[in-house]
Amino acid sequence: MKKIRNGDDVVVITGKDKGRRGTVLRTFPDNRVLVQNINMVKKHQKPNPNMGRTGGIIEKEMPIDVSNVMLFNPASAKGDRVSFKTLEDGRKVRVFRSNGEVVDA
């Protein structure tokens with residue numbers, strides 16, 4: 001079970017995009033995440049008429065390491081660490097470390 005999942009709102013804590021917020025679009029098995037509008041790079045793309053792709057310089061997101069992002073806590077309006085807790089009904093949920101609120105409602 002991962003601490004950061006697809007659709008989570010995260011804050012970048014280090015690097016060129018430090019302090020920016022975004023939504024996780026995809027998680028990768030090698031502990032990297034793709035965050036919307038974070039870690040943008042310019043990529044030179046060759047045209048491919050068979051796929052209907054035009055050539056030129058495009059901007060796209062690249063994955064960043066999961067250790068460089070924190071889950072956004074709306075109560076404190078900051079990034080927060082996450083732990084796991086088992087509820088009385090047997091479900092395992094993520095909770096914020098600072099205030100103990102359940103992330104997965």
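# Notebook: contacts, salt bridges and loops

**D104.** I began at the end of the chain. Leaving aside neighbours within four places in sequence, I find D104 in contact with R5, V93 and R94. The model I am reading is a predicted one. D104 belongs to the segment after β10. I looked up its cover next. D104 has a relative accessible area of 22%, so I log D104 as partly exposed; the cut-off for buried is under 20%. I also took a distance to L34, which is 70 residues from D104 along the chain. The C-alpha atoms of D104 and L34 are separated by 20 Å.

**Whole chain.** I then stepped back to the fold. I count 0 helices and 10 strands. Along the sequence the pattern reads β-β-β-β-β-β-β-β-β-β. The radius of gyration is 17 Å, whereas the globule rule gives 13 Å for 105 residues. The chain is therefore more spread out than a compact globule. The C-alpha trace spans about 55 × 30 × 20 Å along its principal axes. Of the 105 residues, 28% are buried. I put the accessible surface at about 7100 Å², with 49% of that belonging to carbon and sulfur atoms. I checked contact range as well. Among contacts between residues at least 6 apart in sequence, 37% join residues at least 24 apart.

**Salt bridges.** How many salt bridges does a search of the whole structure find? I get 6. I wrote up three of these, starting with D8 and R94.

- The side chains of D8 and R94 meet at 2.7 Å, N to O. I find both D8 and R94 buried. R94 is also one of the contacts I noted for D104.
- D30 and R32 form a salt bridge at 3.0 Å, N to O. D30 is partly exposed at 44% relative accessibility. R32 is partly exposed too, with a relative accessible area of 31%.
- R91 and D89 form a salt bridge at 3.2 Å, N to O. R91 has a relative accessible area of 46% and is partly exposed. D89 has 55% and counts as exposed, because the cut-off for exposed is over 50%.

**Rings.** I searched the whole structure for aromatic pairs and found 0. I did find charges over rings. The charged end of R21 sits over the ring of F72, 3.8 Å from the ring centre. The charged end of K92 sits over the ring of F84, 5.0 Å from the centre.

**N73.** Next I looked up a strand residue. N73 lies in β7, residues 69-73. Is N73 buried or exposed? N73 is buried, because its relative accessibility is 0%. Not counting residues up to four places away in sequence, N73 touches K78, D80, F96, S98 and N99.

**The loop between β3 and β4.** I went looking for positive phi. Most residues other than glycine have a negative phi. N37 has a phi near 60 degrees, a positive value in a residue other than glycine. N37 sits in the loop between β3 (32-35) and β4 (40-45). N39 is in the loop between β3 and β4 as well. N39 has a positive phi of about 60 degrees and is not a glycine. I compared their cover. N37 is partly exposed, with a relative accessible area of 41%. N39, at 16%, is buried.

**D17.** The C-alpha atoms of D17 and N39 are separated by 6.7 Å, and the two residues are 22 apart along the chain. Where is D17? I place D17 in the loop between β1 (9-12) and β2 (21-28). D17 has a relative accessible area of 11%, so I log D17 as buried. What does D17 touch, not counting residues up to four places away in sequence? I list V12, I38, N39 and M40.

Methods:
Residues are numbered from 1 along each chain as its sequence is written. This is a predicted model: local features need pLDDT of at least 70, side-chain atom pairs count only at pLDDT 80 or more; totals for chains, interfaces and linings use all residues. Side-chain values use heavy atoms; hydrogens and water are left out. Helices (H or I, at least four residues) and strands (E, at least two) are DSSP runs, numbered from the N terminus. Buried means under 20% relative accessible area, exposed over 50%, partly exposed in between (1.4 Å probe, protein chains only). Contact means heavy atoms within 4.5 Å. Rings of Phe, Tyr and Trp (its six-membered ring) pair if their centres lie within 6.5 Å; planes under 30 degrees apart count as stacked, over 60 as edge-to-face and the rest as tilted. A charge sits over a ring if NZ of Lys or CZ of Arg is within 6 Å of the ring centre and within 35 degrees of the ring normal. A salt bridge is a side-chain nitrogen of Lys or Arg within 4 Å of a carboxyl oxygen of Asp or Glu. The radius of gyration is taken over C-alpha atoms; the globule rule is 2.2 Å times the number of residues to the power 0.38. Accessible areas come from the Shrake-Rupley method with a 1.4 Å probe; for residues, only the protein chains shown count as cover.
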